[in-house]
Amino acid sequence: MKPLPPGTDDAGVRVWDRPVRLLHWCLAASVAVAWLSTEGFFGWHEPAGYLALAVVAARILWGVLGGRGAARFGSFVRAPAATWRYALQVWRGTEPRYLGHNPLGGWMVLALLGCVAATSVTGWLYTTDMFWGMAWLDRLHRALAWTVLVLVALHLAGVLFTSLRHRENLVAAMFSGRKRRAPADSEQN
């Protein structure tokens, strides 16, 4: 029997490190609390927004300076042309399995981080003396919040689609940090 490559064991291949997983779930929780707190527990809304912004900042730092492999943006954010080719492969049902984020998932990460950051910043600006009560800022904040909700729905749909298509539980993988091994010729990094 051939020895397992580094970073693997019977539980699978290590893909996402602990900081990536912790930041992912903290961001999901803070966005959920910020969204749900608009319906009654408004005292939680502002702290949840600040937490979301701090998590985005930490994820950006970790994606540029920290971690290895799938934590780094350079490992999963592909050029637009490569992403378009991948989207066409998905349409045809011939896309490769990616060990980390696929090209569409990589762009979704950037879209979510950017939109959550913009939503948090506009929320903070609304609390400052300079922008207090500005209707345009309130409309922008609300539009960004709805955009985050749409992006989250698309993200969840992509996770479900990819989980079904490649017969793996991506939610479990985001908790454990591991994905199943597969033949090297059938997956991308």
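Trainee: What is the mean pLDDT of the protein?

Mentor: The model is predicted, and pLDDT expresses the predictor's confidence in each residue. In this protein, 90% of the residues reach 70 or more. The mean pLDDT is 90.

Trainee: What distance separates the end C-alpha atoms of helix 1?

Mentor: Helix 1 comprises the 19 residues 18-36. At 1.5 Å a residue, helix 1 should span 27 Å. The model agrees with this expectation, because the end C-alpha atoms of helix 1 are apart by 27 Å.

Trainee: Which residue caps the N-terminal end of helix 1?

Mentor: The cap involves the backbone nitrogen of V20. A side-chain oxygen of the capping residue lies 3.0 Å from that nitrogen. The capping residue is D17.

Trainee: Which residues of helix 1 are buried?

Mentor: An α-helix has 3.6 residues a turn, so residues three or four places apart point the same way. What covers the buried residues of helix 1 includes helix 2 (45-64), helix 5 (103-126), helix 6 (135-165) and helix 7 (170-176). The buried residues of helix 1 are V20, R21, L23, L27, S30, V31 and A34.

Trainee: Is C115 buried or exposed?

Mentor: A residue counts as buried under 20% relative accessible area. The relative accessible area of C115 is 8%, so C115 is buried.

Trainee: What is the relative accessible area of C26?

Mentor: The structure holds zero disulfides. C26 is partly exposed, because its value lies between the cut-offs of 20% and 50%. The relative accessible area of C26 is 30%.

Trainee: Where is the place of R167, which has a positive phi?

Mentor: R167 has a phi of about 50 degrees although R167 is not a glycine. R167 is also exposed, because its relative accessible area of 74% is over 50%. The place of R167 is in the loop between helix 6 and helix 7.

Trainee: What percentage of the residues of the protein count as buried?

Mentor: The protein exposes about 11,700 Å², of which carbon and sulfur atoms supply 69%. Of its 189 residues, the share that count as buried is 38%.

Definitions and conventions
Residues are numbered from 1 along each chain as its sequence is written. This is a predicted model: local features need pLDDT of at least 70, side-chain atom pairs count only at pLDDT 80 or more; totals for chains, interfaces and linings use all residues. Side-chain values use heavy atoms; hydrogens and water are left out. Helices (H or I, at least four residues) and strands (E, at least two) are DSSP runs, numbered from the N terminus. The expected span of a helix is 1.5 Å times one less than its number of residues. Buried means under 20% relative accessible area, exposed over 50%, partly exposed in between (1.4 Å probe, protein chains only). Contact means heavy atoms within 4.5 Å. A polar contact is a pair of N or O atoms within 3.5 Å; within protein, one must be able to donate a hydrogen and the other to accept it, and residues adjacent in sequence count only if both atoms are side-chain atoms. Accessible areas come from the Shrake-Rupley method with a 1.4 Å probe; for residues, only the protein chains shown count as cover. A disulfide is a pair of cysteine sulfur atoms within 2.5 Å. pLDDT is the predictor's confidence in each residue, from 0 to 100.
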